[in-house]
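Open the structure in your viewer and keep the selection panel at hand. The tour below goes stop by stop.

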Amino acid sequence: MPKPFYITTPLYYVNDKPHIGHAYTNILCDTFSRFHRFIGDKVFFLTGTDEHGEKIDKTAKQKGMETQAFVDGMVPRFKELWKILDIHSDGFIRTTDLFHKKAVQEILQKLYDSGDIYAGSYKGLYCTPCESFWTSSQLAGGKCPDCKREVQEITEENYFFRLSKYQDWLIHYIQEHPDFVRPAMRKNEILGFLKAPLEDLCISRPRARLSWGINIPFAPNHVVYVWFDALSNYISAIGYPGKMNEFQELWPADLHMVGKDILRQHTVYWPIMLKALGLEMPKTVFAHGWWTMEGAKVSKSTGNVVDPAELAQKYGRDTLRYFLLREVNLGMDGAYSEELLVARFNRDLANDLGNLVLRSTSMLERYFGGKIQIASAKNSELRQQAFRSRDGMISAMKNLDPRSALSSIWELITRANRYVEETKPWILAKENKMEELATVLTELLEAVRYTGILLAPFLPEASSKICSSFAVLNPGAKDLETWGALTPSTTIAKGAALFPRSS
Ligand code: MSP
């Protein structure tokens with residue numbers, strides 16, 4: 001039995017409600033997990049929330065709330081958004097889950113026992129009012145870049161993780177496994193970073209400064225650094241270390257999808273943590289780009305956030321998915337604007353796809369009462385295009401390229417629309433060439449059926465509407481093996497408009 005495809009999103013910080021950047025990562029992973037189910041794989045899709053650390057503790061305090069109560073109140077906002085966007089994960093982990101905290105403590109203890117974590121002292125420039133450490137190059141005129149006050153050099157007892165010991169191993173691993181860090185430009189970026197000596201990572205925070213974190217079993221005065229805690233989720237969520245049988249069924253992960261801003265944590269800290277624990281490496285860490293507005297990253301701190309729930313309500317969740325998947329090459333940044341989204345909606349969804357489905361089902365109803373008259377041709381041009389689109393979609397998705405996958409599907413949609421223009425069924429009807437008309441409409445509706453199936457991983461709602469007209473349940477690659485599923489006994493109901501234009 002092949003191992004299930006294990007795919008993860010980053011865990012989202014819960015200090016604010018999710019925006020379009022967060023929706024993007026989850027939509028990508030949802031699409032990949034639907035795709036793998038589509039081709040017959042078993043899938044485990046994991047997402048969740050990152051709830052410890054200074055940022056979250058501070059936000060809760062500013063709101064005058066207990067931190068636990070604050071995070072408990074934020075998590076449902078993420079879950080609700082995933083529901084609104086039709087995102088189905090198989091697991092949802094919170095870093096405040098008891099099993100996760102226990103797993104992190106066991107990981108820490110293991111690495112302490114093996115000597116990969118050691119006690120040392122941390123020296124840095126600290127701004128007391130902002131509770132932040134700065135490096136000398138980050139200072140503004142020798143002062144705190146945030147509040148412009150004096151900083152002090154302080155020394156703290158802390159615990160360190162021996163990244164340096166594994167630097168040479170990591171460089172070789174990345175070089176020898178071209179699929180480990182993708183896209184290639186990110187692999188080069190990380191190999192460039194690894195040219196300088198790697199410093200050991202400070203993985204503790206003194207309780208005196210931060211108490212909102214997981215206790216370190218061998219250091220009662222410290223809690224663990226939030227990234228060490230959060231990265232461990234990818235193994236704790238599937239059973240490490242308590243349920244090793246379940247864990248072995250899923251590990252290693254096939255795909256960690258992350259944003260480019262958290263590449264270093266996932267391609268330096270994380271692989272070294274795994275190596276030190278004696279675990280296998282994930283197959284691929286893929287860093288996607290950012291959505292920007294007027295050149296700036298969409299983010300709470302820039303104040304240019306876009307609410308994905310509002311967009312989904314206004315234009316439909318399939319429209320939002322389509323826009324995000326189609327507008328940019330995975331890995332590159334994308335400029336977000338509502339005008340671009342509306343343009344995609346009008347051109348690709350309402351015109352190309354919506355019209356194709358509506359006019360072909362309407363013509364079948366008008367001329368033949370919705371009944372297919374004859375079987376489809378064995379070797380028509382539409383059939384050849386359909387097979388090309390299927391193969392193109394599948395190989396693009398295996399290559400982590402949803403944009404090209406959608407282009408392949410649109411080649412079939414465009415070809416089918418052109419077929420209508422070329423064959424002019426309304427003229428055939430006028431001239432009473434009913435046999436020819438029956439052939440044309442069968443070919444056309446077969447192309448529509450095929451399109452509806454192909455779209456399942458990308459536009460789940462539209463796909464299921466199309467597929468239900470053709471009585472296709474749980475569409476998958478198995479339904480794309482033959483051209484000619486339509487027979488004279490098939491009746492196809494005229495569907496409602498798939499993408500009605502908003503005013
Ligand atoms: N909590 C960490 C991740 C820990 S994973 C073990 C974190 N959280 S985050 O909420 O700040 O970001 C989560 C993801 O959202 C990141 O992959 C980030 O790249 C992505 N995005 C946040 N803003 C974004 C855009 N404007 N555009 C695209 N994705 C961006 O980092």
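How many bridges join strand 15 to strand 17, and do the two run parallel or antiparallel? Select residues 291-293, which make up strand 15, and then strand 17. There are 2 bridges, and the strands run parallel. Keep in mind that this is a predicted model.

**Stop 1**

The 3 strands form an open sheet with mixed pairing, in the order 16-15-17. Strand 16 (296-297) and strand 17 (334-335) are the edge strands, each pairing on one side only. Opposite Trp-291 stands Gly-334 in strand 17. Keep Trp-291 labelled for the next stop.

**Stop 1: the ligand**

A polar backbone atom of Trp-291 lies 2.9 Å from a nitrogen atom of the ligand. Go on to Asp-50. Here an N or O atom of the side chain is 2.7 Å from a nitrogen atom of the ligand. Then pick Tyr-13. A backbone N or O atom of Tyr-13 is 3.2 Å from an oxygen atom of the ligand.

How much of the ligand's accessible area does the protein cover? On its own the ligand has 660 Å² of accessible area, and the protein covers 95% of that.

Now select the whole shell.

**Stop 3**

The bond joining Tyr-240 and Pro-241 is a cis peptide bond, with omega about -5°.

Jump to Pro-183 for another. The peptide bond from Arg-182 to Pro-183 is cis, and omega is near -5°. Pro-183 sits in the loop between strand 8 (181-182) and helix 6 (184-193).

**Stop 2: positive phi**

Select Lys-148, in the loop between strand 6 (132-134) and strand 7 (152-161). Lys-148 is not a glycine, yet its phi is positive, near 65°.

Then move to Asn-474, in the segment after helix 18 (460-469). Phi of Asn-474 is also positive, near 45°, again in a residue other than glycine. Is Asn-474 buried or exposed? Its relative accessibility is 66%, so Asn-474 counts as exposed, the cut-off being over 50%.

**Stop 5**

Last, select Thr-414 in helix 15 (residues 402-423). Thr-414 counts as partly exposed because its relative accessibility is 40%, which falls between the cut-offs of 20% and 50%.

How far apart are Thr-414 and Lys-123 in space? Draw a distance from C-alpha to C-alpha: it comes to 63 Å. In sequence, Thr-414 and Lys-123 are 291 residues apart.

How values were computed
Residues numbered from 1 in each chain as written. Predicted model: local features only at pLDDT ≥ 70, side-chain atom pairs only at ≥ 80, totals over all residues. Heavy atoms only, no water. Pairing = 2+ DSSP bridges. Helix = DSSP H or I, 4+ residues; strand = E, 2+ residues; numbered from the N terminus. Buried < 20%, exposed > 50% of the residue type's maximum accessible area, 1.4 Å probe, protein only. Polar contact = N/O pair within 3.5 Å; in protein donor to acceptor, adjacent residues only side chain to side chain. Areas by Shrake-Rupley, 256 points an atom, 1.4 Å probe, with all protein chains shown as cover.
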